Amino acid sequence: MTFSGAYATAQDPRINTEASRKKLTGNVDLIPGQDPFEAVVYANIAYNTLLSHVENVAADQRVKTLAEFRQRCDAIFQSGRPLPLDPDDVSLARILNLDHFEKDYDARPMATGVGLPVYPMKSMPIVTFLKDGVKIPPDVVTQVRAQLPEIWLAWRGQ
């Protein structure tokens, strides 16, 4: 048994396994819609977008009290309109190279007359989010609303 710290990182099996996994996933063509990065981004995009807007309110120095903070956040919660993506999420989508379009295997293939049929392309959710913003579900609003005191405390310490 080798205890942690008793060997160099070049010999660390966890690091070597992760490096091999990254190398493999970078070279394997994944089934459309099965990209694990896309799955994580789409699962959390509504929460991250709303949290970003709430944190912008918390960072605004014109907002002096928790009551003012809650009032401004309630205006965001009650607006009901889609919120624009945070610039960090836009850059994350670019870094992760999220597909903007992919083949729609659920649609009827189009005959080309030569060779295999061609599937039409469909736009992915990131295209809609970039263009129209993110619709925030009520359960995400409830989750963030419950965290308002902690967010205020984290940003202001009061």
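The structure is a predicted model, so local features need pLDDT of at least 70 and side-chain atom pairs count only at pLDDT 80 or more, while totals for chains, interfaces and linings use all residues. Residues are numbered from 1 along each chain as its sequence is written, and side-chain values use heavy atoms, with hydrogens and water left out.

The largest nonpolar core runs to 26 residues. A core here is a set of buried Ala, Val, Leu, Ile, Met, Phe, Trp, Tyr and Cys residues joined through side-chain atoms within 4.5 Å; buried means under 20% relative accessible area, exposed over 50%, and partly exposed in between, with a 1.4 Å probe and protein chains only. Inside this core, L50, V54, F69, F77 and I136 have the most contacts. At least two core residues each come from α2 (36-59), α3 (66-79), α5 (125-132), α6 (138-146) and α7 (148-156), and α2 gives the most, with eight. Helices (H or I, at least four residues) and strands (E, at least two) are DSSP runs, numbered from the N terminus. In soluble globular proteins, nonpolar side chains tend to be buried together.

Setting aside neighbours within four places in sequence, F69 is in contact with V54, V57, A58, V63, L148, I151 and W152, where contact means heavy atoms within 4.5 Å. By the ring rule there is one aromatic pair: F69 and W152 sit 5.2 Å centre to centre with 35° between the planes, which makes the pair tilted. The rule takes rings of Phe, Tyr and Trp (its six-membered ring) with centres within 6.5 Å, calling planes under 30 degrees apart stacked, over 60 edge-to-face and the rest tilted. The pair links distant parts of the chain, with F69 in helix α3 and W152 in helix α7, 83 residues apart. W152 is buried too, at 2% relative accessible area.

Then there are the aspartates. D60, in the loop between α2 and α3, is buried at 13% relative accessible area. Beyond its neighbours within four places in sequence, D60 is in contact with R72 and R156. D86 lies in the loop between α3 and α4 (87-95) and is likewise buried, at 13% relative accessibility. A polar contact of 2.5 Å joins the side chains of D86 and S52; such a contact is a pair of N or O atoms within 3.5 Å, and within protein one must be able to donate a hydrogen and the other to accept it, with residues adjacent in sequence counting only if both atoms are side-chain atoms. The C-alpha atoms of D86 and T49 are separated by 6.0 Å, although the two residues are 37 apart along the chain.
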